[in-house]
Amino acid sequence: MNADKTVCASSGKASNWEQLDWPKHERQVRRLQARIVKATQEKRWSRVKALQRLLTCSFSGKALAVKRVTDNQGKRTSGVDRVIWSTPASKGKAIGTLRRSGYQPQPLRRVHIPKANGKLRPLGIPVMKDRAMQALHLLAVAPIAETTGDHNSYGFRPGRSTADAIGQSFLVLSKKSYSATWVLEGDIRGCFDNISHEWMLHHIPMDKGILRKWLKAGFVENRILFPTEAGTPQGGIISPTLANLTLDGLETLLKETFSATQKPNPKVNLVRYADDFIITGATKELLENEVRPLVEQFLRDRGLQLSPEKTCITHIDNGFDFLGQNLRKFGGKLLIRPSKKNTHVFLEKVRQCIHRSNGVSQAKLIRRLNPIIRGWANYHRHIVALETFKKVEWVLRNSLWRWAKRQHSGKGAQWVFQRYWHPLGGPKVFAADTGKRMSNGKPIWLKLVNPTKISIRRHVKIRAEANPFAPGWRAYLEDRAFFKKFGIHRREAGL
């Protein structure tokens, strides 16, 4: 009881930010989140509500919420008030401002970012205080979302990734004899923009007063205030979790309607990543006449609908794209490879980077390219990607050769090649001398990342029931994180 009083203690005055004991506050919040998980599993909803209130009133929760919004990539991006919390004093003072009483969120600042298809995606940027309030309430909502969420939902959930979604897709499609052969590719039209406010207010397990204020805050574009009648704004910290809570339940509905014990087996399985999903089925007629209407009704209740141009039914022998990768069976064997569209978008990005780098040094060009190449190759390193990596390496080499020739149009090919490609213990590679020296006097080289040198390593899918807020899963998830970072398990390292 004394510990609860300590956790709930909240200061209205500025705190000394630099002297806060962060491990202590993280432990206190984790303990409350574990209690929320337990109460949720027992369906003691009044207890859940009381624990949520305790967490959102706690000093520890408020401090961690401010820390999150001032440490992430958007910490220098302001909302409509043009205010950011950049100093320890402003961060410490902000902790005491996170109160429910008298709280009124400000409108979002609307900006537009380009999508892969050339269109623009609207993005709403809250002010710092609203971001911190969202982060605070997310601490109390996330344990419920993880406890009640669909087991095979992988988007915007801690410890889960696109690799897990692809891994589950492999499990339900790879068997030669008894896997499903038809796939419904689903895409929800404007998911974040069209979720029903009324549905969320009736079903999202959080403070309804705070949620209603966020949903009705409106947005400002070109200095004009617009109301929000539907949807949860893209750009808010809590928005992905609200969207997941809205879409959760679809997997349970499908399992109850199309049981694996039925004869013949309908082979219906759902794999979802945010608002993109696939549903497998034994026949095209089953997916078209039974599964799709059920999904459409599920979404209609939430104010959503499928995108007609992006939703289709495909045979696995013809293949389909999902999360930037292509899944297709060849002679009964399922192969997962980088999709042509994803590879094309990546190469266009690389070409534009090289084209915009005329006149810059080789070292600067390599520093620009390496994060792009490494990120794309690491994304695809868990699948059958070696042949694609070889093609990409060939395109890179040719693009860089043209760039090098442009830098020295008056020089011969051999001079240019020797100027930019160097034999560093093997075949010549595109590398620049950094000017630094090792202890033995040899130069330190900055090399371009070669995607073919990134080893293909099978991804082990996360267990469907894993819950990062339940104490019983902590050791398992810590071991997964350790393996992801170092390539070996904790027990193998003697830990």
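Contact here means heavy atoms within 4.5 Å. The model behind these views is a predicted one.

**View 1. Proline 266 and its neighbours.** Proline 266 sits in the loop that runs between α12 (250-257) and β6 (269-273). Leaving aside residues up to four places away in sequence, Proline 266 touches Phe258, Ser259, Gly281, Ala282 and Leu286. Its relative accessibility is 6%, and buried means under 20%, so proline 266 counts as buried. For a sense of scale, take glycine 79: proline 266 and glycine 79 are 187 residues apart in sequence, and their C-alpha atoms lie 50 Å apart in space.

**View 2. An open sheet of 3 strands.** The strands run in the order β9-β10-β11, and the pairing is antiparallel. Because β9 (320-322) and β11 (333-338) stand at the edges with a single partner strand each, one side of each has no neighbour in the sheet. From one strand to the next, the twist averages 30°.

**View 3. Where β9 meets β10, and the helix that packs on the sheet.** Strand β10 covers residues 325-330 and pairs with β9 over 3 bridges, in the antiparallel sense. Look for phenylalanine 320, which stands opposite leucine 327 in β10. Helix α7 (residues 162-173) packs on the sheet and touches β9, β10 and β11. The direction of α7 makes about 15° with that of β10.

View 4. As for disulfides, a search of the whole structure turns up 0.

Conventions:
Residues are numbered from 1 along each chain as its sequence is written. This is a predicted model: local features need pLDDT of at least 70, side-chain atom pairs count only at pLDDT 80 or more; totals for chains, interfaces and linings use all residues. Side-chain values use heavy atoms; hydrogens and water are left out. Two strands pair if DSSP finds at least two bridges between them. Helices (H or I, at least four residues) and strands (E, at least two) are DSSP runs, numbered from the N terminus. Axes are lines fitted to C-alpha atoms, for helices over the stretch in contact, and angles run from 0 to 180 degrees between N-to-C directions. A disulfide is a pair of cysteine sulfur atoms within 2.5 Å. Buried means under 20% relative accessible area, exposed over 50%, partly exposed in between (1.4 Å probe, protein chains only).
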